[in-house]
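This report describes one protein model in plain terms. Please look at the structure below before reading on.

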Amino acid sequence: MSPAMQAAEEHAALPTAAGARLQQMRRRVRLGRLGVWAAVSAGPIALAVAVATPATVVRAAPATKPTTVKTTAPANPSGYATVFLGAWLRSRAGAESTAQARLAQSMAPDVDLPGTADAQPEPDSVVAVRSAQQTGTAWSVTVAAQYADGSVRYFAVPVAADSSGASFTVSGAPGVVAGPARTKGVQSPYTVTVPTDGEVSSAAGEFLAAYLAGAGEVDRYLAPGVSLSPVSPAPYQTVTVQQMLAADQEAAAESVPADGTRVRVMAEVEARDSAGRWPLAYELTLKARSGRWEVASLESGTTQTGGARS
């Protein structure tokens, strides 16, 4: 080998600074590719970590579900006491195998059955009229028993409820008590009599005739946005206004009220069917539109849409 060729070969073998940097870059690329393929094998999340620029990660606090507070009103055992008393009054000692006696004993295992004669009068109806919670789980329910001769007898029935109000038991024998006292009536807001031949009475009467007797379509008497179904099948043949009482005398007396004017009225009507005459009363809110009164609400607890109740 000539001296010139030997020198050239030795020169090529000596790494320059640029060549060293190039080799380092190649190694980094190879390592980076290996890392990416490893991350791909590990999954999408690892891939994102592998290619992302290192940064400070702030972790959000885990979301917590809002606390739900359940509030339950104490269960009222009025129905339970009513069923028991009805069965108890229709039972008697010595006939424990009857359906009524078995029912009464299942609801009150420690209560004796009445020891009465076979001819004892049975109540026509039994209904709870008052209930009082004495402690957390102890109740006293006043139940009225009405008999065929029109007489009414009241019983206080002690009932125990569990802490959840899911189950009851009659905890003692019923006791005969005086009936609830009658309270004074609430002062009525309807104090002004409206003429029965006026516009307000006419609108209310025609609506109720359609509502109760099927005399025409109910919808034609309703304010826009109000939906109210008639009683079906119609229970009466005729409906006639007997008296109209208004809560707003001035508005009710206007023959052509301004649009949007409202008046609350009590319509006392006489409804007739094949059995006879029925005196009925209805609270209505009427609203004026285009010179006529329309029904905006019927205050009877009946489901309706549109037209806020006054």
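In this predicted model, the axes of helix α4 (residues 78-89) and helix α5 (residues 99-107) come within 8 Å of each other and cross at roughly 140°. An axis here is a line fitted to C-alpha atoms, for helices over the stretch in contact, and angles run from 0 to 180 degrees between N-to-C directions. Helices (H or I, at least four residues) and strands (E, at least two) are DSSP runs, numbered from the N terminus. The crossing of the two helices is left-handed, a term for a near helix turned anticlockwise from the far one by less than a right angle.

Which residues of α4 and α5 meet? From α4 they are Tyr 80, Val 83, Phe 84, Gly 86, Ala 87 and Trp 88, and from α5 they are Gln 100, Leu 103, Ala 104 and Met 107. Sorted by class, the contact of α4 with α5 has eight nonpolar, two polar and no charged residues. Ala, Val, Leu, Ile, Met, Phe, Trp, Tyr, Cys and Pro count as nonpolar, Asp, Glu, Lys and Arg as charged, and the others, Gly among them, as polar. Contact means heavy atoms within 4.5 Å.

Residues are numbered from 1 along each chain as its sequence is written. Local features need pLDDT of at least 70 and side-chain atom pairs count only at pLDDT 80 or more, while totals for chains, interfaces and linings use all residues; side-chain values use heavy atoms, with hydrogens and water left out.

The protein chain has seven helices and 10 strands. Of its 310 residues, 30% are buried, where buried means under 20% relative accessible area, exposed over 50%, and partly exposed in between (1.4 Å probe, protein chains only). Among contacts with a separation of 6 or more, 48% join residues 24 or more positions apart.

The largest nonpolar core holds 36 residues. A nonpolar core is a set of buried Ala, Val, Leu, Ile, Met, Phe, Trp, Tyr and Cys residues joined through side-chain atoms within 4.5 Å. The residues with the most contacts inside the largest core are Val 200, Phe 207, Val 239, Met 244, Val 263, Val 265 and Leu 286. Two or more core residues come from each of α6 (199-213), β7 (238-246), α7 (249-253), β8 (262-273), β9 (276-289) and β10 (292-298). Helix α6 gives the most, with 10 residues. Leaving aside neighbours within four places in sequence, Phe 207 is in contact with Val 218, Tyr 221, Leu 222, Leu 228, Leu 284 and Val 295. A second, separate core of 23 residues includes Ala 81, Ala 87, Val 143 and Val 157.

Some pairs that are apart in sequence are listed here with their C-alpha distances.

| Pair | Apart in sequence | C-alpha to C-alpha |
|---|---|---|
| Pro 233 and Leu 212 | 21 residues | 8.8 Å |
| Ser 188 and Met 266 | 78 residues | 9.9 Å |
| Asp 162 and Ala 75 | 87 residues | 9.6 Å |
| Val 192 and Val 265 | 73 residues | 9.3 Å |

Ser 188 is in the loop between β5 (175-177) and β6 (192-194), and its 35% relative accessibility makes it partly exposed. Asp 162 lies in the loop between β3 (152-161) and β4 (168-170) and is partly exposed at 30%. Beyond its neighbours within four places in sequence, Asp 162 is in contact with Thr 137 and Ser 167. Val 192 is in strand β6; not counting residues up to four places away, Val 192 touches Met 244, Leu 245, Ala 246 and Gln 249.

Two backbone details remain. Most residues other than glycine have a negative phi, and most peptide bonds are trans. The peptide bond from Ser 232 to Pro 233 is cis, with omega near -5°. Pro 233 is in the loop between α6 and β7 and counts as exposed, at 69% relative accessibility. Ser 290, a residue other than glycine, has a positive phi near 55°. Ser 290 is in the loop between β9 and β10 and is exposed, with a relative accessible area of 58%.
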